Amino acid sequence: MRKIIVSEFVTLDGVMQAPGGAEEDMDGGFAHGGWTGPYWHDDIGVNIFEELSQADTLLLGRKTWQTHGEAFESAPADDPFAGVLNNMRKYVVSTTLKSADAWRNSTIISENVVEEVRKLKEESGKDIYVDGSSVLVHTLAEADLVDEYHLLVFPLVLGSGKQVFPDGYHAGLKLLETKAFPSGVILLRYQPDRK
């Protein structure tokens, strides 16, 4: 069975909202977008590229899918990162999208999300990679469909914003790996402790 890997940029207080830009996701009046910039290091990008090489499928919520698609679909053909993402199979979970044509190799999942994701896990292939997509990640966590969490923890506290884990969610996690980056970011790789 394939693994679902949830990979997130997260602050010390668990915020994952709008790591890449000021206007990326302003839901709830969030005004701290773009918080990863001061802590970025090229080794983080190398790590993400290595994670993606273990996957052949992206599973994303609508907002993340649209943001990624806008950034990567039109990227130059020789951009290695965009090339990997553009060529992967992509599933976007949305009840509002009518077409997935905006980003090649994409399919919409509009209902029975947990059941459809279980079917994806049962297919042959490499890992299924999820990033961003807070609502989807909450659904996957609550359905116990996540096999690993790769949390890139940035050394700052924002005080509010969308969280990786849903309110009231309880789970034990087993630490698989830690890795420190020169900018103070730490990778924490966990798997659910399914005793």
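Is Asp27 buried, partly exposed or exposed, and at what relative accessibility? In this predicted model, Asp27 counts as partly exposed, at 37% relative accessibility. The residue takes part in a salt bridge with Lys63, in which the closest N and O atoms are 2.3 Å apart. This pair links distant parts of the chain, since Asp27 lies in the loop between E1 and H1 and Lys63 in helix H2, 36 residues apart. Lys63 likewise counts as partly exposed, with a relative accessibility of 38%.

The strands are arranged in an open sheet. Its 8 strands follow the order E4-E3-E2-E5-E1-E6-E8-E7, and the pairing is mixed. The edges are formed by strand E4 (106-109) and strand E7 (173-180); each has a single partner strand, so one side of each is left without a neighbour in the sheet. From one strand to the next, the twist averages 25°. Strands of a sheet pair through backbone hydrogen bonds, either parallel or antiparallel. Strand E6 (residues 148-154) and strand E8 (residues 186-192) run antiparallel and are joined by 5 bridges. Within this pair of strands, Leu151 stands opposite Leu188 in E8.

Two helices that pack on the sheet are described here. Helix H1 (residues 42-53) touches strand E1 (4-11), strand E2 (55-61), strand E5 (127-131), E6, E7 and E8. The direction of H1 makes about 105° with that of E2. Helix H2 (residues 62-72) touches E2, strand E3 (89-93), E4 and E5, and its direction makes about 120° with that of E2.

Helix H3 (residues 80-87) has buried residues Ala82, Leu85 and Asn86. These residues cover an arc of only 100° around the axis, which puts them on the same side of H3. An α-helix has 3.6 residues a turn, so residues three or four places apart point the same way. The buried residues of H3 pack against H1, E2, H2 and E3, whereas Pro80 and Asn87, on the other side of H3, are exposed. At the start of H3, the backbone nitrogen of Phe81 has a side-chain oxygen of Asp79 within 3.0 Å.

The structure contains 15 salt bridges. Side chains of opposite charge can pair when their charged atoms come close. Among the salt bridges is the one between Asp56 and Arg2, whose closest N and O atoms are 2.5 Å apart. Here too the pair links distant parts of the chain, with Asp56 in strand E2 and Arg2 in the segment before E1, 54 residues apart. Asp56 is partly exposed, with a relative accessible area of 24%, while Arg2 is buried, with a relative accessible area of 3%. Both residues belong to a network of salt bridges that links Arg2, Asp56, Arg89 and Glu123.

A further salt bridge connects Lys3 with Glu148, the closest N and O atoms being 2.9 Å apart. Lys3 lies in the segment before E1 and Glu148 in strand E6, so the pair ties together parts that are 145 residues apart in sequence. Lys3 counts as partly exposed at 33% relative accessibility, whereas Glu148 counts as buried at 6%.

Note on methods. Residues are numbered from 1 along each chain as its sequence is written. This is a predicted model: local features need pLDDT of at least 70, side-chain atom pairs count only at pLDDT 80 or more; totals for chains, interfaces and linings use all residues. Side-chain values use heavy atoms; hydrogens and water are left out. Two strands pair if DSSP finds at least two bridges between them. Helices (H or I, at least four residues) and strands (E, at least two) are DSSP runs, numbered from the N terminus. Axes are lines fitted to C-alpha atoms, for helices over the stretch in contact, and angles run from 0 to 180 degrees between N-to-C directions. Contact means heavy atoms within 4.5 Å. A salt bridge is a side-chain nitrogen of Lys or Arg within 4 Å of a carboxyl oxygen of Asp or Glu. Buried means under 20% relative accessible area, exposed over 50%, partly exposed in between (1.4 Å probe, protein chains only). The arc is that of the directions from the helix axis to the C-beta atoms. A polar contact is a pair of N or O atoms within 3.5 Å; within protein, one must be able to donate a hydrogen and the other to accept it, and residues adjacent in sequence count only if both atoms are side-chain atoms.
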